[in-house]
Amino acid sequence: VRLDDLPTPCLVLDRPVLERNCARIAALAARHNVALRPHLKTAKSAAVACLATRGQSGAITVSTVAEAAYFVASGFRDLLYAVGIAAPKLDALAAIQRGHGARITLVTDSVDAVRATDARATSLDAHFDLLVELDTGGRRAGVDPDGTDLLPLAWEVHASAALRLAGVLTHAGHSYHARGVAEIRAIAEAERAGAVRAASRLREAGLACPTVSVGSTPTVVYAERLDGVTEVRPGVYTLFDLHQAALGTCMVEDVAVSVLATVIGHNRQAGRVLIDAGALALSKDLSASEFRGDVGYGLVCPAPVGAAPLAGVCVLDVHQEHGLIGPVAGAAPPWDELPVGARVRVLPNHACMTVGPYDRYHVVEGGVDVIAEWDKATGWR
Ligand SMILES: Cc1ncc(COP(=O)(O)O)c(C=O)c1O
């Protein structure tokens, strides 16, 4: 099978680049002497998880019940479900744990959620490890590592017979808006230091805190020190994307995934080349636009994997199933390079958002020959 034979839109995955990305971050974790628990919410693929955990314990991070079920069915046994737990999900999670002898670690920042989780787990005769979530500057979820909520929350977990306090977790998601390496480094250090301070407070209070879990791709790439941390959880580094390239955590050549699309029309009046990959196929994520004005909803490459993006054009607009390629500034799009019927690949702004809905990857090792099809998880359940 070749790229020209595939129905579009579809996902194309460059295996050598994926392997290179996985090896690069595994080496970084090893250099810092911390375990790597890759976040598979990005790729949602067992084949990618195997590459990302090569040489590691096999521990992974997930973000949905569907991912937990999928990865356990694929042989993974040590999962961290790193979204604040809602007790009704325990029925499915307990069944997944029990059916496969797996361990699923939960996360919360809420005493109410601990109580509801304890009650539900007890009624299911199930046991879970649980990490207390910390806010080290991301302002999404988590208690203040230095605040008054931390110890009461940890004691509440400790008091539960169904839950075991496994430690602390934080995710410095605000690293995605950092301007320059110095700012990412400062965020990485605040992430590390906050998690380590919270762990010390737990231990000084007589509570156990074996796990100190941190990480986003930017903070793991640029952390200068990770002492006191036990594991890191980057995820988007497996595939990388234009937002990461704009942040400087990778080069555009490191983006391993793209959306294959077909040119379906030329709107000469509007100066747009139409493709059959729109908002659902690419997502409406404009994250890289925070840093550069020339990427729109994605950069457009010739179909062969490895070919560099076409200069001066991007996907300027998206409708549900239409993408509109146009010039970044002034001039008309290169009509002759994008004839109707041609195949192109669009590099995504944010790989996690783009690949989420797809059910498979078409795997290529450079060029146009598809060497494998890899399944992936979708949905929530
Ligand atoms: C809790 C948690 N951990 C780790 C990650 C991975 O970070 P990144 O996508 O920057 O690799 C995320 C991403 O959103 C996350 O929410």
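Predicted model: local features only at pLDDT ≥ 70, side-chain atom pairs only at ≥ 80, totals over all residues.
# Reading helices, sheet and core

User: Which residues other than glycine take a positive phi?

Analyst: Two cases are worth a look. D125 has a phi near 55°, a positive value in a residue other than glycine. S283 is another such residue, with phi near 80°.

User: Where do D125 and S283 lie?

Analyst: D125 sits in the loop between α5 and β6. S283 belongs to the loop between α10 (279–282) and β12 (299–302).

User: Is D125 buried or exposed? And S283, buried or exposed?

Analyst: Read the relative accessibility. Buried means under 20%, and exposed means over 50%. D125 has 60%, so D125 counts as exposed. S283 has 11%, so S283 counts as buried.

User: Back to α3. How many of its residues are buried?

Analyst: Eight of the nine residues of α3 are buried, so this helix is mostly covered. The buried ones are V65, A66, E67, A68, A69, Y70, F71 and V72.

User: What covers the buried residues of α3?

Analyst: The cover includes α2 (46–52), β3, β4 (78–81), α4 and β17 (370–375).

User: How do I read the packing of α3 with α4?

Analyst: Start with the angle and the distance between axes. Helix α3 (residues 65–73) and helix α4 (residues 90–100) pack at about 5°. Their axes are 10 Å apart. An angle under 35 degrees counts as roughly parallel, so α3 is roughly parallel to α4.

User: Which residues of α3 and α4 meet?

Analyst: First, a general idea. An α-helix has 3.6 residues a turn, so residues three or four places apart point the same way. Now the case here. From α3 come V65, A68, A69, V72 and A73. They meet A92, L93, I96 and H100 in α4.

User: How do the residues of that contact divide into nonpolar, polar and charged?

Analyst: In the contact of α3 with α4, eight are nonpolar, one is polar and none is charged.

User: What angle do α5 and α6 make?

Analyst: Helix α5 (residues 111–123) packs on α6 at an angle of about 5°, with the axes 9 Å apart. That makes α5 roughly parallel to α6. V111, V114 and R115 in α5 meet L153, E156 and V157 in α6. This contact has four nonpolar residues, two charged and no polar.

User: What is the strand order of the open sheet?

Analyst: To read a sheet, follow the strands across it. Here the order is β2-β9-β8-β7-β6-β5-β4-β3. That is an open sheet of eight strands with parallel pairing.

User: Which are the edge strands?

Analyst: An edge strand pairs on one side only; here these are β2 (35–36) and β3 (60–62). β2 joins strand β9 (residues 231–232) through two bridges, and the two run parallel. There, A35 stands opposite E231. At β3, the pairing with β4 is parallel and spans three bridges. V62 has Y81 in β4 as its bridge partner.

User: Which residues lie on the two faces of β4?

Analyst: D78 and L80 are on one side, L79 and Y81 on the other. These four are all buried, and both faces of β4 are covered.

User: How many residues does the largest nonpolar core have?

Analyst: The largest nonpolar core has 112 residues. Those with the most contacts inside it are L93, F128 and Y361. Take Y361. Leaving aside neighbours within four places in sequence, Y361 contacts L11, L13, T42, A43, S45, L239, V257, V355, A372, E373, W374 and K376. A second, separate core has nine residues, including V12, L260, A303 and V370.

User: Where is P145 found, and is P145 buried or exposed?

Analyst: P145 is in the loop between β6 (128–134) and α6 (150–159). With a relative accessible area of 3%, P145 is buried. Leaving aside neighbours within four places in sequence, its contacts are L134, D135, T136, L150, G194, A198 and R201.

User: Where is there a cis peptide bond?

Analyst: Check omega. A cis peptide bond joins T8 and P9, with omega about 0°. P9 lies in the segment before β1 (10–14).

How values were computed
Residues numbered from 1 in each chain as written. Heavy atoms only, no water. Axes fitted to C-alpha atoms, helices over the stretch in contact; angles between N-to-C directions. Parallel < 35°, antiparallel > 145°, perpendicular 65-115°, else oblique. Contact = heavy atoms within 4.5 Å. Nonpolar A, V, L, I, M, F, W, Y, C, P; charged D, E, K, R; others polar. Core = buried A, V, L, I, M, F, W, Y, C linked by side-chain atoms within 4.5 Å. Buried < 20%, exposed > 50% of the residue type's maximum accessible area, 1.4 Å probe, protein only. Pairing = 2+ DSSP bridges.
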